[in-house]
Amino acid sequence: MSKRSRFLLILVVLGICFAFLWPSLTWYVRTPKEEQALALGSLEKIKDYSTAKAAEDVNALKKSANTNPDASPDAKYAWLGKIARKNYKQMDESVPSQMTVSKILASFANEQELLNVIQGRYRDRILADKKWYQNSVKLGLDLSGGMNIIVKADLDAAVKSQGSAVTADNEVQFKKNAMAQAIETLSSRIDRFGLTEPVIRQQGEDHIYIEIPGAAEADSINTIIMGKGILNFRLVDTPATDAFNTYYRNNAASTFTASGVLADASIIPADDELLGLYTKDEYGLDERIGYLVVKKEIALDGQHVKSADVGSDNLTNRPEVDFVLDSEGTKIFADFTSAHVGDSLAIVSDNKIKSNARINDAITGGRVAITGFGLEEAKNLQKVLQTAWLNVPLSVESQQVIGASLGDQAIHQSVWALAIGLLSVFVFMLIYYKGAGINAIVAQVLNFYIMFSILSAFNLTLTLPSVAGMILTIGMAVDANVIIFERIKEELRLGKSRASAIAAGFDNAFWAIMDSNITTFIAAIFLSQLGTGSIQGFAVSLAIGVVSSVFTALVVSRLMFDFGTEVTHKEFISISWRIK
């Protein structure tokens, strides 16, 4: 490879690495701590915060307009002026030469439209920060503090509780659905609890692994985990829902408090309850699309649902969910639907309305068909109906809590270990190899730069074992440089010129470096694939370090030597006290 090609390769690698590292730099360096705290909150918390802040801004704008209609908006609302100009153009009205607060308010059709615009700005900013975090290097529990829990689901007990409804033919699928619903319910609850980016995944057939970074109270978490999903059917109070929606449109900024509770409970009847209507968004998360007022009295408990399947309507071929009730549920549902033909029925799971269907006829046979949604929605509803009332006993098998102070201490110690290790190596290389030691130092710095960039590119988690792997690569990277320097010294002792000694030194050291690093890389790959947890983290960082150290030793260091030979025209190499 020519020197020009080597130089361009290094520039390309450094540029790509900077692009990989940018999300981590943005998150850890450029994002203020208060914004990080908001971005690390649950989606529900982000939405509540954005709604509350938007309501404060709307009320502030209205107050300013009432006090002085000709007042100019504050600097933080200047962005609304651009949107107001677009609104006036869309309405085919002349754009005011001076955009006052009152004219900004007049450009919006109603208060809800203004609230949505401001809320969207808050939401987009926080979600952008959240995306930076998701694309950056994460700190493991041993560095950030937090809790990890392994929960066992007693699927055999769940099967037994269903009686004859579960047969040998559908038992395997039943258990899969039960685990999927248990994980989804836990995810929803922990997310609503406001915890920081929880990791929830299935381990094996009947275990659930939960990892919660940050401070969390063990008793509160266990309460969430041990709770059971509750499925029931409620009658929708349509007049009350219409009245609430009208009130909400006209008073969007003051309907709810900052915590999401109705500011005035009297706007709905005393025997009713306001619940959110949810659907699945493109990421598979629950997304609130509106509100319904439902009766507090439960029309039918989900425990009466024996089975649920996804089918299609015979006439329209549209997806539908068919579920079968037990004998007691059949009678209850027949009486209820007979008395409420033409009304709407809500399916509520864990205080979220999952579906809202109109009762067209009295349903007396115990078989119910619900239509009006797509295939994915039908499958989600089928899982809710089939498993939301399941008695799946959950037991905490292991629980480990790592305090935030311990995490801070681990980070502090890790940074000191890296710094002392690097400085010690730098000092040794400068003393023993003189000017050539500078090449090793530059290669070492770039080695760490490349390692962190790759960690960031793959959104890997940095743990104490990962840091140990990095510290190990310090010695490995220096080892490659030592082999090269010693080979060059051997060539210089034979009386070769600078250029010849460098070329021969790198050529002779190439396979010695490659052999040792390839064997280490193979071992690291096997550890990363077969190991778990801390072993896997150590292996991944070691594998990355092997690749980056070989690149910096053979490419970067070689280019620096060649630069000194051909650009600065040096004739001698400062590489040893005994060789002049």
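## Helix 12

Let's start with helix 12, which covers residues 327-339: its 13 residues reach 19 Å from first C-alpha to last, close to the 18 Å expected at 1.5 Å a residue. That expected span is 1.5 Å times one less than the number of residues. Helices here are DSSP runs of H or I with at least four residues, strands are E runs of at least two, and both are numbered from the N terminus.

The model is predicted, so local features need pLDDT of at least 70 and side-chain atom pairs count only at pLDDT 80 or more, while totals for chains, interfaces and linings use all residues. Residues are numbered from 1 along each chain as its sequence is written, and side-chain values use heavy atoms, with hydrogens and water left out.

Which residues of helix 12 are buried? They are G329, T330, F333, A334, F336 and T337. Buried means under 20% relative accessible area, exposed means over 50%, and partly exposed lies in between (1.4 Å probe, protein chains only). An α-helix has 3.6 residues a turn, so residues three or four places apart point the same way.

## Salt bridges

Side chains of opposite charge can pair when their charged atoms come close. With a salt bridge taken as a side-chain nitrogen of Lys or Arg within 4 Å of a carboxyl oxygen of Asp or Glu, the count comes to 16. One of them joins R6 and D562, at 3.2 Å from N to O. This pair links distant parts of the chain, with R6 in helix 1 (residues 3-30) and D562 in helix 18 (residues 533-566), 556 residues apart. Both R6 and D562 are buried.

E273 and R234 also form a salt bridge, their closest N and O atoms being 3.2 Å apart. Here the link runs between strand 6 (residues 272-280), which holds E273, and strand 5 (residues 231-236), which holds R234, 39 residues apart. E273 is partly exposed at 27% relative accessible area, whereas R234 is buried at 6%.

## A positive patch

K82, R85, K86, K89, R121 and R125 form a positive surface patch. Patch residues have over 30% relative accessible area and no salt bridge, with like charges joined within 9 Å. Helix 4 (78-90) and helix 6 (111-134) each give two or more residues, and helix 4 supplies the largest share, four residues. R85 belongs to helix 4 and is partly exposed, with a relative accessible area of 34%.

How values were computed: Patch = residues over 30% accessible without salt bridge, like charges linked within 9 Å, V, L, I, M, F, W, Y side chains within 5 Å. Areas by Shrake-Rupley, 256 points an atom, 1.4 Å probe, with all protein chains shown as cover. Lys, Arg positive; Asp, Glu negative; His and termini not counted. Charge placed at Lys NZ, Arg CZ, Asp CG, Glu CD.
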